[in-house]
Amino acid sequence: MKKSRLYYYPKGDGSNDYLNSCRRIWSYCGFESKPLGGFRENFFNIRNREELLILNWFEDRIGGSKRPYMALLKSILLMIVLRLRFRKIVWVRHNYYPHSKFKIKHHILLVRLLRRISDVALVHRHGLSKDFRYASHPLYSSESVQTKNRDRDIDFLYFGAVKGYKGLVELLEDWPVEKSLCMLGRSDDLSLTKHIGEVINKRKLDVTWQNSFIEYDQLCHYIARSKYVVLPHNPNTMIVTGAFYHAISFGASVLMRRGAMYTEYFSKFRGVYDLDDFLLNKSLSNGPGIVDPMDYFCDESVAERWRLALESA
C-alpha cells in the first residue's frame with residue numbers, strides 16, 4: 001500500500017536526532033516524509049499542491065539575525081507561499097523565545113502569524129494553552145548501544161552545546177565538590193569557556209569537560225554509561241528539552257531544574273529528580289511518579305498521539 005506523503009521543515013543535514021526520530025514515527029503513522037525545499041522551489045511549484053507540511057522551530061527563524069526586519073519579511077513571504085502550496089500545515093512550537101538574540105516585537109508578530117496560517121499548532125507538553133494540541137516527543141535510538149545489563153560508571157553527565165542560557169555557570173557555582181561531573185559539548189563562546197574554566201578551577205571541582213563536538217553514537221554510549229543526566233537549562237525559554245528524551249532513551253535518570261516541564265514530569269515519571277534540591281541539600285529527591293517513561297514514550301504510543309494530532313489538521 002502506497003504511503004501518504006508529508007513534507008517537513010527544516011531540511012537539516014541528516015544529523016538532527018529529533019527530525020530523524022520523527023521521521024521514524026511518521027513512517028509508523030503511514031507517511032513517507034520528505035524535506036521541504038527552499039523558497040524558489042516552493043514558489044515555482046505553487047500550483048502543484050501538496051497535502052501536509054510540518055514546521056519545526058519556525059518561530060526561531062529571526063533569532064540571531066543581524067537584520068531582523070529582513071529576516072521577518074523573508075519568513076512572512078515564505079509562510080504565504082507555503083500556505084498556498086500546502087492544504088494542511090502543522091506547526092510544532094519548540095521554544096517560548098529564540099535562544100539567540102532577537103527583537104521581541106518581531107518574535108510576537110511571527111508567532112501570531114504562524115498561529116493564523118497553521119491548521120494545527122502542536123507542542124510536546126500537556127497544558128501549554130488551549131490553542132495547542134499535544135503530540136508526544138519521540139525517543140532516540142542507536143543500533144550500536146545496548147542498555148540492558150550495562151555498567152553505569154559515570155555518576156553525573158551533562159551533554160549538549162555549551163551556551164549561556166543552559167545555566168552551566170550557575171550549575172558549577174553550586175555543584176557539590178565531592179561529586180564528579182562529566183561534561184560533553186562544545187563551546188564557541190570564548191568568554192563563557194573561560195568563565196566555566198575559572199569556576200571549575202577556583203572551586204577545585206571534579207569535572208571532566210570534553211569541549212568538542214561528540215558524534216551521535218559516541219554520545220549515546222556515554223548516556224548508556226550514566227546514572228544521572230543533569231539538565232540545568234533555564235526552564236523559562238524552552239517548552240521541553242530534547243536532552244530529557246535522549247537521556248531516558250538509554251536508561252539514565254534525570255536531574256531537572258524546577259519549571260513547568262519539571263512539575264509535570266517529576267509528578268508523573270519514574271527516574272526524575274529535583275536538581276535544585278540536590279544542589280541545595282546534596283541529596284537526591286525522587287518524585288512520586290510511577291509511570292515508566294520508556295513505556296509512555298514508546299514508538300507505538302507516540303505514533304498514536306501523532307496520528308490523532310495529524311488527523312485533526
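Helix H1 gives the largest share of the lining of the largest pocket, five residues. Helices here are DSSP runs (H or I, at least four residues), strands are E runs of at least two, and both are numbered from the N terminus. This is a predicted model, where local features need pLDDT of at least 70 and side-chain atom pairs count only at pLDDT 80 or more, while totals for chains, interfaces and linings use all residues. Residues are numbered from 1 along each chain as its sequence is written, and side-chain values use heavy atoms, leaving out hydrogens and water.

Let us stay with the pocket. About 1500 Å³ of space lies inside the largest one. A pocket is an open set of points on a 1 Å grid over the protein atoms alone, where a 1.4 Å probe fits, with protein on both sides within 12 Å along at least five of seven lines; lining residues have an atom within 4 Å of a point. Of the 45 lining residues, Asn16, Asp17, Gly160, Ala161 and Lys166 are the closest to the centre of the largest pocket.

Strand E4 (residues 86-92) has five of its seven residues buried.

Notes
Points joined across faces, edges and corners; volume = space filled by probe spheres on them. Buried < 20%, exposed > 50% of the residue type's maximum accessible area, 1.4 Å probe, protein only.
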